[in-house]
Amino acid sequence: EPGSVQVFDYDVVNKKYDPIGVAIISNHDPAAGNGFGYSVALSLDGNTLAISSIKLDNNGNPTVRNTGAIELFAYDPTYKNFRATFPNPTQTSRNNNIIMDNENEVRRESSAFGIELSLAENEDVDGVSTSTWLSVRSYNFDTEKGYVKVYNLSEQFYPKCGIQYPFLIGNGVCDDRPPYNTEACRSDGGDCQRNPVDGFPDCFVHNPYYINDGECDDHPPYNTKECEWDGGDCTPPTTAPQRNPVDGYPNCFVHDPSEINNGNCNNIPPYITKECGRDGGDCDPVDGFPDCFVYNPSWLNNGECDDYTSYNTEACGWDGGDCTPPTTAPQRNPVDGYPNCFVHDPSEINNGNCNNIPPYITKECGRDGGDCDPVDGFPD
């Protein structure tokens with residue numbers, strides 16, 4: 001059986017370890033018997049994970065020659081698990097998340113590569129990481145000497161970009177939302193050009209006209225101090241915090257704490273999150289999908305693709321199999337007239353019926369192509 005690695009987060013309040021996502025299994029071929037998990041390194045910020053694979057002898061020692069590979073993973077903040085990183089597209093020699101000692105064939109054939117791993121960060125004056133470095137200790141059985149190789153992961157990979165749909169990075173279309181349009185994912189792989197905004201000298205965004213347009217774009221880089229909280233469209237958190245603490249859940253902050261544990265499943269973040277106890281226990285997982293929490297479980301595997309959060313997710317088995325997994329067939333299609341709008345069924349846009357769910361209802365899709373109107377007195 002292939003080895004696996006499970007990452008845990010320590011809960012200081014309850015004094016216990018909580019698993020982060022599912023166990024990680026090697027993508028290296030062949031996975032079985034490759035000693036995956038021999039050495040592990042996690043970056044200080046918890047966003048980059050390196051795991052080595054070394055084939056062991058019958059006594060469990062790393063004495064087998066011509067062995068060793070390192071796989072890189074990045075934390076996905078949206079789904080709270082680790083995903084395989086992907087190479088920088090400018091590094092055409094790489095096509096996966098694996099590092100091997102390929103520079104010296106003679107040395108590789110007589111060595112065990114990746115006996116010990118270490119990750120380090122270069123930071124700017126503000127303490128922000130500018131590059132991630134990996135040090136690899138190995139051993140050459142012919143020379144009977146160890147050796148260390150150092151890799152600048154930020155040059156060769158996107159080491160902190162953990163995303164569900166890697167094919168959206170660098171595809172020529174700006175996915176102007178986190179985590180895609182972030183520094184970690186290098187502005188959607190270069191698809192999202194950052195432009196200056198008049199009147200806000202430190203504000204650079206892909207769509208300057210979103211700033212001070214009357215609608216709160218509640219995500220970076222728009223709703224940030226540099227952009228003066230979307231040009232005034234969003235309420236500054238220093239004057240009117242919109243998230244309130246919840247008794248009994250120290251890491252849970254929501255707009256209305258009375259919604260927690262009120263007997264009804266509030267199946268939207270942050271209420272549905274682990275930090276909020278799955279809405280204080282109001283929400284139960286779907287049978288067969290232990291990490292899937294939805295309002296209508298009967299919608300899973302009913303023959304129709306419910307293409308929105310949180311049904312069409314990996315945790316819910318892509319709507320219980322009703323939707324096509326994006327790794328085999330991307331489900332989001334472009335919509336004529338809306339260059340930043342991608343949906344499962346473009347015919348739903350501007351068909352006369354308000355489809356009041358993301359991504360149809362978003363600004364990028366013209367509020368379902370004009371089918372949806374705001375509520376009187378509440379323009380947003």
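This report describes disulfides in a predicted model.

A search of the whole structure finds eight disulfides. A disulfide is a covalent bond between the sulfur atoms of two cysteines.

| Pair | Sulfur separation | Torsion about the S-S bond |
|---|---|---|
| cysteine 203 and cysteine 227 | 2.0 Å | 90 degrees, right-handed |
| cysteine 354 and cysteine 372 | 2.0 Å | about 105 degrees, right-handed |

Cysteine 161 counts as buried because its relative accessibility is 1%, under the 20% cut-off. Cysteine 185 is buried as well, with a relative accessible area of 1%.

Cysteine 203 and cysteine 227 form a disulfide. Here, too, distant parts of the chain are linked: cysteine 203 is in strand β12 (residues 200-205) and cysteine 227 is in the loop between β12 and α4 (228-231), 24 residues apart. Both cysteine 203 and cysteine 227 are buried.

Cysteine 354 and cysteine 372 form a disulfide. The pair joins distant parts of the chain, 18 residues apart: cysteine 354 lies in the loop between β16 (338-343) and α7 (366-369), and cysteine 372 in the segment after α7. Cysteine 354 has a relative accessible area of 43%, so it is partly exposed, between the cut-offs of 20% and 50%. Cysteine 372, with a relative accessible area of 10%, is buried.

Note on methods: Residues are numbered from 1 along each chain as its sequence is written. This is a predicted model: local features need pLDDT of at least 70, side-chain atom pairs count only at pLDDT 80 or more; totals for chains, interfaces and linings use all residues. Side-chain values use heavy atoms; hydrogens and water are left out. A disulfide is a pair of cysteine sulfur atoms within 2.5 Å. Buried means under 20% relative accessible area, exposed over 50%, partly exposed in between (1.4 Å probe, protein chains only). Helices (H or I, at least four residues) and strands (E, at least two) are DSSP runs, numbered from the N terminus.
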